[in-house]
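The sequence and structure are shown first.

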Amino acid sequence: MSGMWFPSEAGSLFCWLGLLAVAWLGLRAAYSLLGALRVWGLGGGVQVGPGLGRWAVVTGATDGIGKAYAHELARRGMSIVLISRSQEKLDQVAGEIEEKFKVGIKTIAADFAESEGIYRRIKSGLDGLDIGVLVNNVGISYTYPEYFLDIPDLDNTLNNMINVNMTSVMQMTRLVLPGMLERSKGVILNLSSASALYPVPLLTVYSATKAFVDFFSRGLHAEYQTKGIIVQSVLPFYVATKMSKVRTPTWDKPAPETYVRSALNTVGLQSQTNGYWAHALLAWITTSVPACFTIKAALHMNKKFKARHLKRAKAN
C-alpha cells in the first residue's frame, strides 16, 4: 500500500546514511592526512628572517618559548628586541644572543600586567626600527587549576591575565603593524594555546583569554593577508618550560627550541597551527570527539592536578 513505511525501507535508509557517514569521515581523514603531509613533510612556507625586516620583537623573551623564538630568529640573522619584566634577565639573554649570533640587540623592561603607560615607553623604544617579525609570546596562567571563584587573589589575577594575555597582543600589534603595512610585508606570531580549542574547566579564564588570541589572530590574518601581512595563531600543547612545569622533553612535550624551529616552518602554510607534528595529532584527536567528552576529561585531569598541588603545598 502506498504511503506506508516498511522495515525494509527503513533499513535501506539507515544503510545509505551509514555509507554517507563513512564516506564523509574517510574524506575528512584523507584531507587531514594530505594537509599534514603538506605541512610536516613537504614544508615550503615563508622564510622567516631578515628578508622581512631587520628587526624581530619578542615579548616574554627571557624564558621558555619566547626565549627560544629570540634565539632562533637571531640564528637566522635578525636583530632582536627583547621585551620582558626583569631587566636582569633581559641583560642575561641579550648577552647570550649577542655573543652567540653577533646581531643587534635592544631590551625594553615592561610589566604587561601594568597597562598604564607601558605602551608609550615601548613605542618610544621601537621607533625607527625596521620590524619584520613580532612574536606576541608573553602570557600568564593559574598557579594551579582552580574553580573560578576560588582562584587566589581573584581580582588581581583576573586583571593581570586580561592585561598580559589579551591586551598585550592587541597593543603590540597596534604599535608594529603600521610599519609592516608601509613595507607591505611582515609576520605577526601570536602565542595562543591548545586550551583555546575547547573550554578547559579549572583553567577557565586562561583558556578563554587564549581563545581570544586565536580568534583575534585569525580575523586579523583575513583582514591583512592581501596586503602582505601574515598573522599566525600558534596553539601548542605542553612544551618543556617553566610555565608548563614539564622538566624533561618527550616526543609529545618537546624542548622549546625544538618546538619553535618546527612552528616557524609552518608560517605561510597555516594561519592557525599547533606548531609541532605531535601537537597537531593531539589536536586532531581531541577535536574529532564530541566537545562534551573532551571538556569532561579536562575537568577530571585538572581536578587531579589541583589535588596534587594542594597535597604538596600542605606537606611543605
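## Salt bridges

Asp 63, Lys 89 and Lys 242 are linked in a network of salt bridges, a salt bridge being a side-chain nitrogen of Lys or Arg within 4 Å of a carboxyl oxygen of Asp or Glu. The model is predicted: local features need pLDDT of at least 70, side-chain atom pairs count only at pLDDT 80 or more, and totals for chains, interfaces and linings use all residues. Residues are numbered from 1 along each chain as its sequence is written, and side-chain values use heavy atoms, with hydrogens and water left out. Across the whole structure, the search finds 10 salt bridges.

Arg 75 and Glu 72 form a salt bridge through their side chains, at 2.6 Å from N to O. These two residues are 3 apart in helix 2, and so are separated by about one helical turn. (Helices, H or I of at least four residues, and strands, E of at least two, are DSSP runs numbered from the N terminus.) Glu 72 has a relative accessible area of 5% and is buried; buried means under 20% relative accessible area, exposed over 50%, and partly exposed in between, for a 1.4 Å probe and protein chains only.

In helix 6 (residues 204-224), Arg 218 and Asp 214 lie 4 residues apart, about one turn of the helix. Their side chains meet in a salt bridge at 3.0 Å, N to O. Arg 218 is partly exposed at 34% relative accessible area, whereas Asp 214 is buried at 2%. Another salt bridge joins Lys 253 to Asp 252, with the closest N and O atoms 3.2 Å apart. Here Lys 253 counts as partly exposed at 25% relative accessibility, while Asp 252 counts as buried at 16%.

## Overall architecture

The protein has 9 helices and 7 strands. The 7 strands form an open sheet with parallel pairing, in the order 3-2-1-4-5-6-7. Strand 3 and strand 7 (272-273) are the edge strands, each pairing on one side only; two strands pair if DSSP finds at least two bridges between them. Val 234 stands opposite Thr 273 in strand 7.

Of the 316 residues, 45% count as buried. The protein exposes about 16,900 Å², of which carbon and sulfur atoms supply 60%; accessible areas come from the Shrake-Rupley method with a 1.4 Å probe, and for residues only the protein chains shown count as cover. Among contacts (heavy atoms within 4.5 Å) between residues at least 6 apart in sequence, 73% join residues at least 24 apart.

How many of the 6 residues of strand 2 are buried? The count is 6 of the 6, so the strand is largely enclosed by the rest of the structure. In a regular strand the side chains alternate between the two faces of the sheet. Ser 79, Val 81 and Ile 83 point one way from strand 2, and Ile 80, Leu 82 and Ser 84 point the other way.

Strand 1 (residues 55-59) runs parallel to strand 2 and is joined to it by 5 bridges. The chain passes from strand 1 through helix 2 (residues 64-75) to strand 2 in a right-handed β-α-β crossover. Right-handed here means that, with the strands pointing away from the viewer, the path from the first strand over the helix to the second runs clockwise. Strand 2 is also joined by 5 bridges to strand 3 (residues 105-109), again in parallel, and Val 81 stands opposite Lys 106 in strand 3. Together with helix 3 (residues 87-101), strands 2 and 3 make a right-handed β-α-β unit.

Ser 79 is found in strand 2 (residues 79-84) and counts as buried at 4% relative accessibility. Trp 55 stands opposite Ser 79. Leaving aside neighbours within four places in sequence, Ser 79 is in contact with Arg 54, Trp 55, Ala 56, Val 103 and Gly 104. The side chain of Ser 79 reaches the backbone nitrogen of Gly 104 at 3.2 Å.

Thr 294 is found in helix 9 (residues 291-315) and is buried, with a relative accessible area of 9%. Not counting residues up to four places away in sequence, Thr 294 touches Tyr 198, Thr 286 and Val 289.

Notes: Polar contact = N/O pair within 3.5 Å; in protein donor to acceptor, adjacent residues only side chain to side chain.
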